[in-house]
Amino acid sequence: MQNILFNILGYFSSWVLMLVTLMIALFAESTHTYFSGRSLSRRGMIVSLLPLRDIFKSMTMPISLPEASVIRLSTYLPCFALAALIPIAASIPFFSFLPIMDNGGDLIQILQFAALSETLAILAIFSLGTTDAQITANRMIRELVKLIVPMMAAFISIAFYYSANGIQGDPFSLNVFTTALHMTPSAPFSLAGTLIFIFVIFSQIPHSNAGFGCSLLENCELPDFNGAPRSMLQLWSIFRAFLVVALVTHIFFPWGYFKGLNAGFSISWWAQSVNFAAFWTTVLVMRVFGVTLCWKVMELLEKKVRIKNSRVWLFIILTTVATLLVVYEGIKISMEVAAF
Amino acid sequence: MISTLETGYFIWNLTAWLKIYLLSAGAFCLLTFIIKKNTGGSLVSKKMMRGCERDIDEGFFEQIVSSFRSRIMQPWFDFPFSHILSIVLLFLLFAVALFSKSGVE
């Protein structure tokens, strides 16, 4: 009985500590907003430097919903949407020092939970029942398709490449990606395809063009919807963007270099600490600078390509090219193996 | 009950994922429920958005919760560096748990 109690207590404390990643996400978001706020204020635009403080402040305000809303769904669905992101985070290696499930989760299962989380968030907005809410929900559906399609294409084509390479077991496991075979210069097509995938996914992370970062709702958007559910959805949006960055960083992180570096350490937790710090620092830097750079480059490309719906066409063309490059590398390896 | 679904192509640890999801959903719903209880009804008109007072008499427990919120929590929220200090505090908690090694399965 005492053991069960201690196990439950230990499990719960580990769960609380998993929220550290949520804090890193919030820290990255506030850093990004700080920089974008500085550049926008130089151009005469006023941007709140502490959007996170607004999010936490609205938690203590009375819940406000439009008259037409389905009250219980609008209040509690954001909680379920945010909760569906936690298992995804828990499956990313180095999510915390205290794994409460096997690290190296399966990418298909990760995408299933991502789709579940998005669906619940979209339903929460639909349940508000106003025309404005419907417009926001429709925008969220478009953003979901633009984000999840290149992610699926990337994961499936890289998994195909590993299958062709003769990897035993689950090719969709995140642990397989740590072998980093798809990023070696000896596989140039796969390397080029993966880099294009990284660019496409980062540039499609939903964000505000007005300098509000990855918050789902801007200050003037859906003013009838306020209080804790709104804050939950804002946190959900920031955390989702951060998890996408973490998952994609996992694809190109130089695991081999850090494994070699850690071989010199005699105490395992030192090696773990170095890996933990290196991985999350990379994610933080990618979120603050890498993602912003991809947004800017995509905007420039969009202006250069002067056709109707240039953003959509660029998205389709780049995703297709990246998929073909990685798959071609896989087919090439299969043919070499067959010839041998 | 099947706890792990395993084929040649994927391994899904269903129980572990479900446990984390349900625990997280329960915790977030409880948090929202407590906020809803303490800050008023779930459908509030725009005029009552800020600093509204409720006419309903509060019970003994609600009075304690409300005074805890206004006297202890509110100054913390109003403090300009509360978010940074909260992050530092949670990192300390993280460090303590790391060295005590609790909760590892």
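This is a predicted model: local features need pLDDT of at least 70, side-chain atom pairs count only at pLDDT 80 or more; totals for chains, interfaces and linings use all residues.
Next, select helix 6 (residues 107–126) and helix 7 (residues 131–164) of chain A, whose axes come within 9 Å and cross at roughly 175°. Because angles over 145 degrees count as roughly antiparallel, helix 6 and helix 7 of chain A are described in that way. Show side chains where the two meet: helix 6 of chain A contributes residues including A:Leu107, A:Leu111, A:Glu118 and A:Phe126, while helix 7 of chain A contributes, among them, A:Ala133, A:Met140, A:Leu144 and A:Phe155. By class, this contact has 17 nonpolar, two polar and one charged residues.

Move on to helix 9 (residues 188–203) of chain A, where the 16 residues should span 22 Å at 1.5 Å a residue, and the end C-alpha atoms, 23 Å apart, agree with that. Among the buried residues of helix 9 of chain A are A:Ser190, A:Gly193, A:Ile196, A:Phe197, A:Val200 and A:Phe202.

Finally, turn to chain B and select B:Trp17, which is found in helix 1 (residues 14–39) of chain B. Is B:Trp17 buried or exposed? B:Trp17 counts as buried because it has 23 C-beta neighbours inside 10 Å. Leaving aside residues up to four places away in sequence, B:Trp17 touches A:Pro87 and A:Gln109.

Key. Residues are numbered from 1 along each chain as its sequence is written. Chains are lettered from A and ligands numbered from 1 in the order in which they are written. Helices (H or I, at least four residues) and strands (E, at least two) are DSSP runs, numbered from the N terminus. A residue is buried if 20 or more other C-beta atoms lie within 10 Å of its own, exposed if 12 or fewer, and partly exposed in between; C-beta atoms are placed from the backbone. Two residues are in contact if their C-beta atoms, placed from the backbone, lie within 7 Å. The expected span of a helix is 1.5 Å times one less than its number of residues. Axes are lines fitted to C-alpha atoms, for helices over the stretch in contact, and angles run from 0 to 180 degrees between N-to-C directions. Angles under 35 degrees count as roughly parallel, over 145 as roughly antiparallel, 65 to 115 as roughly perpendicular and the rest as oblique. Ala, Val, Leu, Ile, Met, Phe, Trp, Tyr, Cys and Pro count as nonpolar, Asp, Glu, Lys and Arg as charged, and the others, Gly among them, as polar.
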